[in-house]
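Dear colleague,

I am passing on the structure below, together with notes on what was found in it. Please read the notes with the coordinates open beside them.

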Amino acid sequence: MPDIKVTPLGAGQDVGRSCILVSVGGKNIMLDCGMHMGYNDDRRFPDFSYITQNGRLTDFLDCVIISHFHLDHCGALPYMSEMVGYDGPIYMTHPTKAICPILLEDFRKITVDKKGETNFFTSQMIKDCMKKVVPLNLHQTVQVDDELEIKAYYAGHVLGAAMVLIKVGSESVVYTGDYNMTPDRHLGAAWIDKCRPDILISESTYATTIRDSKRCRERDFLKKVHETIERGGKVLIPVFALGRAQELCILLETFWYRMNLKAPIYFSTGLTEKANHYYKLFITWTNQKIRKTFVQRNMFEFKHIKAFDRSYADNPGPMVVFATPGMLHAGQSLQIFKKWAGNEKNMVIMPGYCVQGTVGHKILNGQKKLEMEGRATLEVKLQVEYMSFSAHADAKGIMQLIRMAEPRNMLLVHGEAKKMEFLKDKIEQEFSISCYMPANGETTTVTTNPSVPVDISLNLLKREMALGGPLPDPKKPRTMHGTLIMKDSSLRLVSPEQALKELGLSEHQLRFTCRVHLQDPHSDSDTLSRIYSHLKSVLKGYAVQHLPDGTVMVESIVLKVSSSGEDPNLKVILLSWSYQVNVENFLATVSLFWIRVIMQL
Amino acid sequence: MYADLMRCFNWTECMLIVLCSLLKELKECAGRVFVDSQPEFCLPERELLDLSTVDVILISNYHCMMALPYITEHTGFSGTVYATEPTFQIGRLLMEELVTFMERVPKAQSATCWKNKEIQRMLPGPLKDAVDVWSWKRCYSMQEVNSALSKVQLVGYSQKVELFGAVQVTPLSSGYSLGSSNWIIQSHYEKVSYVSGSSLLTTHPQPMDQSSLKNSDVLILTGLTQIPTANPDGMLGEFCSNLAMTIRAGGNVLVPCYSSGVIYDLLECLYQFMDSANLGTTPFYFISPVANSSLEFSQIFAEWLCQNKQSKVYLPEPPFPHAELIQTNKLKHYPSIHGEFSSEFRQPCVVFTGHPSLRFGDVVHFMELWGKSSLNTIIFTEPDFSYLDALAPYQPLAMKCVYCPIDTRLNFHQVSKLLKEVQPLHVVCPEQYTQPPPAQSHRSDLMLELQPPPMAYRRCSVLGLPFRRRYERIQLQPELAKALVPSEIKPGISVATVSAVLQSKDNKHVLQPVPKPTPVPPSKKRKRLMEEVPELLSPKPLLSGSIPLDAFLASLHKSGITEVKVEETADGHILHLQAEDALIQLEEDATHIVCDNNEPLRTALRDLVLRFLQKL
């Protein structure tokens with residue numbers, strides 16, 4: 001029985017370094033190749049030695065698929081392809097292909113140039129890695145090889161985020177990456193057709209959360225920003241350069257315009273300009289409204305938001321600053337945070353999920369004293385707010401996706417074990433399907449039960465469908481009969497007659513003749529006539545014929561009467577039929593019945 | 001007498017009215033007669049089939065969808081239209097442009113008098129040769145365009161779209177324009193390719209996907225180049241040199257063109273050319289109600305562009321250089337000649353504007369403005385209209401005319417190479433492709449020569465496609481498949497008899513195991529004989545093979561039948577079972593069992609015989 005195996009190398013009961021191995025129909029696929037934001041050691045990358053101990057991965061993987069450009073989904077890619085070694089195809093959407101190398105380079109710079117780490121991938125490695133990328137279009141069926149095909153669906157998590165359907169023969173797996181089931185200010189909602197995969201591998205970041213409406217969250221956010229500005233405080237919003245940043249910029253831009261506010265809004269890195277440019281060029285990946293109006297008014301041209309310079313952080317007076325990275329684990333956002341943390345008038349708004357170990361995670365848990373590098377401690381006096389703006393599906397959204405795709409099994413990754421447990425129960429209850437949540441390095445095996453595709457001769461099919469009548473009757477299923485010819489790898493179902501003909505075989509006729517003796521004083525032909533008229537009256541609805549050659553036919557059963565030479569009253573009745581006539585019992589019953597009748601005469 | 005007079009009077013009055021309005025309709029210009037009317041359009045054939053029975057319309061490219069509202073609106077059409085996103089968006093722009101052109105110069109009435117058969121017959125050509133003039137229609141409204149477009153379902157290249165479970169359609173890149181597609185229509189066993197408007201030249205769209213066309217049973221070929229004798233590259237060169245010559249002499253250049261398509265390539269070509277020709281300061285004007293949209297849309301379809309342009313987006317830079325032309329004020333676009341344009345435009349300049357037929361749109365104004373000066377030049381690049389016909393109503397003209405049709409679609413040479421490559425079993429094409437053009441009857445290179453010859457069609461002809469469907473895909477449920485007992489009939493060939501229940505739903509077929517009969521509760525009253533006839537019993541398999549005499553005798557012996565007398569006959573043997581008083585007639589292809597009304601014996605003999613035969 002064929003199996004599908006799923007092994008997370010990362011993101012198994014955890015968030016970070018997403019990397020999931022799927023083995024289906026003899027093909028091995030790696031889904032995402034991310035890094036972990038919470039670690040700076042080996043645990044930063046997935047453990048590729050699980051795949052093979054010695055060296056290159058090319059022989060062990062048929063393809064790698066990257067769902068979106070966030071580093072926890074693609075951060076280990078150059079390490080995997082260039083340092084461990086993989087030369088096969090890497091699939092990602094066009095926007096991901098465009099943005100991913102920029103974030104990787106950014107990540108590399110922070111790690112190597114600022115932290116001084118060695119033995120890390122180089123700029124050239126990022127370039128070489130990106131050369132192996134094959135771009136994916138939405139809904140396009142990409143044939144990786146003769147058997148393996150993949151298809152991308154819109155995931156709505158960030159620009160270019162995709163869910164992917166992996167199919168080998170009749171077995172299939174869907175991997176969601178990160179997705180969002182409600183459209184936001186710049187992206188649309190995830191969508192998938194009823195593809196009924198054997199396994200749906202879903203993220204579960206917000207497995208236990210059911211979030212209130214986006215409008216409320218937006219109002220809250222604006223209110224908090226506004227209040228801080230009014231009292232002269234500074235607002236820091238740590239974000240990733242692409243994604244939430246654009247959504248929140250659109251939000252603040254319209255608010256500033258409406259309220260006629262004057263406090264400056266800055267966006268930290270040089271990436272912004274570029275980032276907004278990507279949004280303009282990939283406008284087809286944004287939501288309906290932005291796409292419809294982009295000719296008249298491009299939503300990604302901001303009037304109130306200006307580029308940030310490091311020196312501005314010390315400027316007096318209120319301001320709003322978007323700074324990268326989003327989890328306050330390094331870079332400019334952390335620098336600004338250090339400067340502003342001591343003043344209770346200021347505020348930091350964390351608009352997304354923070355991985356364990358990051359400063360973001362610590363302050364969200366209420367930690368008031370942070371140990372910084374060089375044994376210094378930092379007192380956190382500023383207000384810390386959390387606003388769930390990260391575009392992950394909540395519990396309701398995950399259930400909605402299950403309803404859309406109708407999977408036979410469910411597998412949760414990219415979430416915390418405790419929360420997963422809760423969602424798993426809920427899914428198993430509501431959909432009566434098995435739900436798995438393997439830890440890293442743990443393999444889930446799902447046995448599939450694929451049906452066998454066969455070529456049926458159209459003649460046979462049409463004949464059977466015509467016999468079945470225009471509407472199927474569930475109470476009276478019709479049995480069809482055919483011959484399956486197995487030759488090489490082809491399976492063809494044809495009518496038995498056609499099978500004989502095709503195989504060059506002649507039919508072997510098997511006939512039975514039954515003799516019944518009885519006394520009857522009438523002439524042979526009279527006896528036959530009586531039999532005929534009697535049967536005719538008894539067997540209504542059947543073809544009973546009296547043929548001129550002195551036989552009676554009941555359907556295809558032949559009846560003959562002859563008398564023995566010695567005793568003209570002793571009649572021999574011969575009943576003859578072929579093996580294919582499916583009425584032996586019926587015939588026997590009829591003959592006995594008939595004999596009884598005749599004897600009584 | 002009086003009545004006759006009246007009739008006569010009436011008749012002449014009628015005639016007079018007709019003549020008067022006819023004179024109003026007809027205009028003469030430089031010896032040619034024209035109809036002065038609201039423009040009308042010749043539609044695709046609508047009488048031949050009932051459009052409400054059409055399930056699906058596949059759109060090849062945005063030029064091929066201009067009649068969509070005529071098909072989908074007011075005809076009972078309730079199906080789905082499939083198109084790629086660029087085709088949909090740019091198609092919408094082109095229709096919007098057409099509607100705007102029409103609305104700008106409203107005419108109260110369409111001319112109809114000239115359509116009267118008796119009158120049309122008397123008119124000079126080409127008016128008298130026009131066919132089906134009564135079926136011509138006025139332009140649709142924006143409302144109808146929107147309604148038509150609401151029936152469009154967007155698809156991407158290589159997306160497999162299931163239609164009713166019966167067939168799969170897939171658009172493939174055709175290399176002709178943004179989002180242009182060829183279509184594959186296939187079932188599990190048959191494959192029809194529809195190749196329309198394809199290009200192998202490297203222009204802005206994604207290259208043509210040729211390999212996916214392989215293994216077609218039938219390839220329907222249409223949309224070849226209209227100007228097979230003109231080389232697009234040469235034409236582009238001529239375009240540039242004529243343009244430069246005119247500008248240098250202080251004249252203006254008018255390029256009547258569609259608002260999307262070749263214009264992107266022209267702008268890109270000029271972007272490089274103008275500086276090198278030292279004409280960098282010459283302004284370009286693109287005037288169309290959809291000019292801005294067309295330029296903006298062209299920049300957001302990176303996925304549908306050639307590699308070269310795609311990689312620009314990764315930088316991120318706009319894929320087309322006209323963004324830079326706009327930024328540096330070299331290219332300006334206006335919705336019409338009114339308003340800003342009239343105060344801003346400088347001469348000499350290059351104007352791109354529509355409609356290429358010169359019958360409506362802003363181009364008409366420029367013809368009137370510039371036509372009288374021999375310094376100016378009009379350069380025709382669109383191949384859809386005869387430039388002589390287009391210019392006829394403006395004669396006499398002083399401006400220079402240059403004809404540089406740029407049609408990037410396949411020529412006959414490229415087609416024959418393509419067909420050699422993809423090797424379809426049959427080719428279906430319009431009749432025109434099977435003979436040289438009438439004006440160049442000696443050019444046997446301007447036609448399709450194929451073996452076997454292509455099946456040609458003409459308007460309203462119905463062709464049967466030359467394949468017979470033999471097989472359909474069916475799924476055996478795993479439980480059924482597992483229960484099958486294959487036996488090897490010949491080396492490498494096994495057979496298994498299948499008795500199963502057929503389930504057909506949405507054109508998908510599944511075979512399930514036969515359900516076990518639910519035991520019928522024993523009824524006291526014996527049912528009538530008739531009702532006992534077992535309809536549900538599976539039919540018996542066919543038999544094949546022959547029965548070896550010795551082995552058969554041995555097995556009879558084993559089952560206790562020992563007194564057997566064997567008699568040889570012409571065709572085989574007759575076995576007399578003495579004790580049982582039964583006969584078995586064995587022949588090469590037949591066996592006959594004759595016995596008294598002894599059911600157990602008959603069954604036993606039957607099973608013995610069956611042991612030696614193959615079941616099918």
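**Strands and hairpin in chain B**

Strand β22 (residues 487-490) of chain B runs antiparallel to β23(B), and three bridges join the two; strands here are DSSP runs of E of at least two residues, helices are runs of H or I of at least four residues, both numbered from the N terminus, and two strands pair if DSSP finds at least two bridges between them. Within this pair, B:Ser487 stands opposite B:Val495 in β23(B). The hairpin formed by β22(B) and β23(B) has two residues between the strands, and in it B:Gly492 takes a positive phi near 85°.

This is a predicted model, in which local features need pLDDT of at least 70 and side-chain atom pairs count only at pLDDT 80 or more, whereas totals for chains, interfaces and linings use all residues. Residues are numbered from 1 along each chain as its sequence is written, chains are lettered from A and ligands numbered from 1 in the order in which they are written, and side-chain values use heavy atoms, with hydrogens and water left out.

**Chain B as a whole**

Chain B has 17 helices and 30 strands.

**The interface with chain A**

In chain B, 92 residues are in contact with 87 residues of chain A (heavy atoms within 4.5 Å). The two chains bury about 8,100 Å² between them, 59% of it on carbon and sulfur atoms; this is the accessible area (1.4 Å probe) lost on putting the two parts together, summed over both.

Across this interface the rule finds five salt bridges, a salt bridge being a side-chain nitrogen of Lys or Arg within 4 Å of a carboxyl oxygen of Asp or Glu. B:Arg473 and A:Asp455 meet through their side chains in a salt bridge, at 3.4 Å from N to O. Strand β23 (residues 493-505) of chain B gives the most to the side of chain B that touches chain A, with eleven residues.

The chains also share strand pairing: strand β26 (residues 509-519) of chain A and strand β29 (residues 590-596) of chain B pair in the parallel sense over seven bridges, and the bridge partner of A:Cys514 in β29(B) is B:Cys595.

With best regards
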